[in-house]
Structures are given as C-alpha cells and as structure tokens.
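Work through the exercises below with the structure in view. Try each task before reading its solution.

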Amino acid sequence: MTDPEVVRGRRSHARPAAAQAAVTEAFSQEWGKIVASLIRMTGNWDLAEECTQDAFAAALTKWASDGVPDRPGAWLTTTARNRALDRLRRSKTEAAKLQEVAVLSAPGEPADRGESGVTDDRLRLMFTCCHPALTLEARVALTLRTLAGLTTGEIGRAFLVPEGTMAKRLTRAKHKIRDAGIPYRVPPAHLLPERTTGVLGVLYLLFNEGYSASAGDDLLRPDLTAEAIRLGRLLAGLMPDEPEATGLLSLMLLQDARSAARLDAGGELVSLEDQDRTRWDQAKIEEGLALLEAALRRQRAGPYQVQAAIAACHAEARLASDTDWAQIALLYRELRRFVPSPVVELNRAVAVAMADGPEAGLVLVDELAADGKLTAYYLLPATRADLLRRLGRQAEAAASYQQALELAPTEPERNYLARRLTEVGA
Amino acid sequence: MRYMLLMVGDETEPELGPHTTPDGEPCWMPWAREMQARGVLLVEGSQLQPASTATTVRNAGDEVLVADGPFAETKEQILGYDVIECTDLDEAIYAASRHPVALNGGVVEVRPVLASV
C-alpha cells in the first residue's frame, strides 16, 4: 500500500514541482472517475481503490522522470487498470478470472448506456454509495472515500471517530454491497426520484456537517463543505435534467458564501442580521443565483430549490433591513409542502414576524409551542424570546432565553443566548 | 441472487395471519402472481404456525436442552418466510415491500442466502 498522503501532495517532496502539481491536480479531477470505472469492471471495491492509489503513486515517480503525459487522466486510468489486471492474474480464483475478462473487455473510455441515457460511472458510484440499505454514516463515509478520495484517517477526523472505527465502518459497508447484492447502477426510472432524494440528502448532510463544525477549533478536520460543494457540482453536472441537484448546489454555494461573516474575531456566532455583508463571497453568490435561476426555469420545484430561493433572498439584500421577508415567509409556506416539519414552521414564524411584526410571529410560535413537537429544540424558546424582547416584554423574554440556554447544544450558541439574556436585564 | 424474506409482526393481528382476499383466494396469491410477472422466482415459502407451537433446542454438549416457545420472547414473532431468486437487492426490496405482511403493517427482513460454493 502506498501512502495516500503522499499522493495527495500533503508532504514536501524532492520531486520536481511540476509533476507534484500535476498529480495533485489530477487527483481532484480523476480519482473518483478511475475508482468508479474500476469498480464497474472488477466488482471489487478494495481492488479498485488500491489500484487507483497505486497509479497515483506511480505517477509521482514516472511523471517526475519522464514528464507529465499529455492526457494525465488516460495515463492514470490505464495504469490503474493494468494494476488491476496484474493482481487478478496473480490470484487464482474463478471469480478473479471472470473479473479479468471484464477488465480486458472494458472500453478505455466507458460510455455505456444506462436507463437514464449515457451513464458516467461516477453517477453509478454515487447512487450505490447512497443506497438506503446502508446506514447514513456508511453512505457518507463511502462517498467521501470512493468519490472524493479522502483517506480513512481524514474521514475519521472529519467525524471525530478513530481511524480504526472508520475503517471498520467502510469495510462493513463494502461487504454489505457485495454480499447483499446492492446493484452498481443508476436506479431505473421508478426508483430514481426517491434515490436521487437520498443522494442529495447525503451531500447536504455532508455540507451541514462541515458548516456547523466550522465553529470548532480542530484545524485538522478536512473541509467538508468544500467536498460537499465539489460533489454537488459533480452531481449537478451528471444530472443536468434534475433541477433539485442544481438547486442543492445553488443552496450550498449561497450558504457557504456567508461563511466568512458567520463568526466574529473571537469565534462567536454572528446572527444573519448582524453579519458584515461586505464579507460575503460575491462570486459564490453570483454563481448560486445563476444556478437557481437555471433550476427554476425547469418549473419542477423541490425542497432544495425553495431553500436556495430563501438563501437567495438573504444574499440579494445589501443590508439586513432590505430583506424581502414577505417573500421569505411565502417561500417557507412553499417549503412546508415538501418538508412538513415544525422546524420549517418555526422559520416561517420568524419571517412572518419580520414582515408583519413580532406580534404576528409570536402567534405562530405559540401555536408551535402548544403543539409540543419542538419541546427539546432550543431555537423555539430562543425565537420566542427574541420576539418578546422586540415587543418590550423583557421579563417573559428573559424566561425564554433562560429556557433556550438550557437546551442549546454548542458553546457559541450558548454564548449568544447568554449575551441576549444580559441585554434584557436578567 | 437468492434471498430469504423473513416476515415479522404481531401474530395476534388478524391481517398478519392467514386470511383470504375479498376474491376468496389466499392473501399471498396476488403477491405471488405479481412476482411471477416480474420474473422473481419463488423458490419456496410458507406461513408458520403460531409462536406458541415453537420449540427451542440447544445442545449443551452432554445434554440437549429443549424449551417451549420461540428463541426470543418479544411482541413480534416470525410469521413466515419466502425464499426468492431475483437480480439484486433492489428487486428483493421491491418484493418485500409488496408482500401482504409489509402491506398490513408488519416488517420484512431481507437476507441474502449464503451462496453455495
């Protein structure tokens, strides 16, 4: 086994910088593609990963001595495939012989047609990694390992799990795929909508994991938001007819554009209202807005497009006071059709409060509180407290902040609430 | 691939036990027809007698321990099983989802059969 950290260009190396740079570049472009095609040819996930790894390691030496080939991707694919063939030839089993035939007969540029038209192997891989018969943790880990090329150690760090535990999780998932007969394919039309929802869900979970973890101080945690966006870009490119894939990419970009302004110098959470909007990433906002427009033109709305539209309302407001809250309230009503959750309803209440005044919002919040479905969710009392504060009902506000403080899960959130609590004079 | 579908549920629920459809045929008959039409091979299968008829057997070396009742005392019991042959897990999941036990609130565990060497 080669050291993947070397392949990913994390360590200083005496090799010529050009080869190193070309390998690093090729890694982000080609890793998932090569793994995906080798899995299709061999049906063997471990073999596919290891041979791809070997090909990148070989590239480091070879490209340094012979120069970078004209088509690095083709060079890597051929090298990885030859490795796979070598290894299959050396093993004696019947299954290996069959796999060898499959590798030999596989076309260099895979372009076989699936039921959804021309199918990229990476799309197969994505759907297989996100199969509902795997646990959610396994889906996330497999996606990061096989498609994004993160090492087991990196994935472990990202989810605060020891490397050994993560390795076991990945092995178990791969065994299940093989032994339970999870097909390696883009699902047929009748399964496609629900399975696509599953893939989008995994990517968004990945994004949120990185987004909320940005409050942490562990610099070793890989940038999951960047990986999620990269995979989202890939998925949107591979499924051009699926506006929700484009919608998710737009949503992630619009949210990520705000990341630099989300925490202040002391690492404290800054509310959307108080963020320095000049620190928002305009390039990401523009890309997100353009993607959203393209998605909406297809006139097949879905939860990610609606959430992206909400994020767009914020992104387009130069000042917090410019925000079109009436539009946001309408969008939350729309979102409720797709995601009938009390959290969505709470967000709608906030938008209504901003559009029509705190009184109107408080009515909705109190209905939700009476409903009893959000009793453990700190944002319910926190929202209620904010509305009461705006209405000048300080004592009631303080009681609600206190309640929220007891439920808030992270330090920055608790600090924020504690500050508010002091403001209302408790 | 070959899978065993293990039907699990509360056996006191009448819809989960043996019953007939409004057309007077056994409750599993429409399922069997649908599976046949899809090319899912029904290798074998049956509903089971209630868990009260179960006997649990252990071999403790010099002694065979026999006990009345199923291996686990739970509210849900094994109601029956089917062994099917189909292309992949997606097809097996579909077969399970259409089974009368699943349609009537029970659970179907899908287990690949260990391939014979």
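**Exercise 1.** Find the residue just after α21(A) that takes a positive phi.

*Solution.* Go to the end of helix α21 of chain A, residues 411-423. Helices are DSSP runs of H or I with at least four residues, strands are runs of E with at least two, and both are numbered from the N terminus. Just past this helix, A:G425 has a positive phi of about 80 degrees.

The model is predicted: local features need pLDDT of at least 70, side-chain atom pairs count only at pLDDT 80 or more, and totals for chains, interfaces and linings use all residues. Residues are numbered from 1 along each chain as its sequence is written, while chains are lettered from A and ligands numbered from 1 in the order written.

**Exercise 2.** Work out which residues of α21(A) are buried and where they sit around the axis.

*Solution.* Apply the cut-offs: buried means 20 or more other C-beta atoms within 10 Å of the residue's own, exposed means 12 or fewer, partly exposed lies in between, and C-beta atoms are placed from the backbone. The buried residues are A:E413, A:Y416, A:L417, A:R420 and A:L421.

**Exercise 3.** Is strand β4 of chain B buried or in the open?

*Solution.* Count over residues 64-68: of 5 residues, the number buried is 0, so the strand lies largely in the open. Next, find its neighbour: β3(B), residues 55-59, runs antiparallel to β4(B) and is joined to it by 5 bridges (pairing takes at least two DSSP bridges). For example, B:T56 has B:A67 as its bridge partner. Last, inspect the hairpin turn: 4 residues separate the strands, and B:G61 there has a positive phi of about 90 degrees.

Definitions and conventions: The expected span of a helix is 1.5 Å times one less than its number of residues. The arc is that of the directions from the helix axis to the C-beta atoms.
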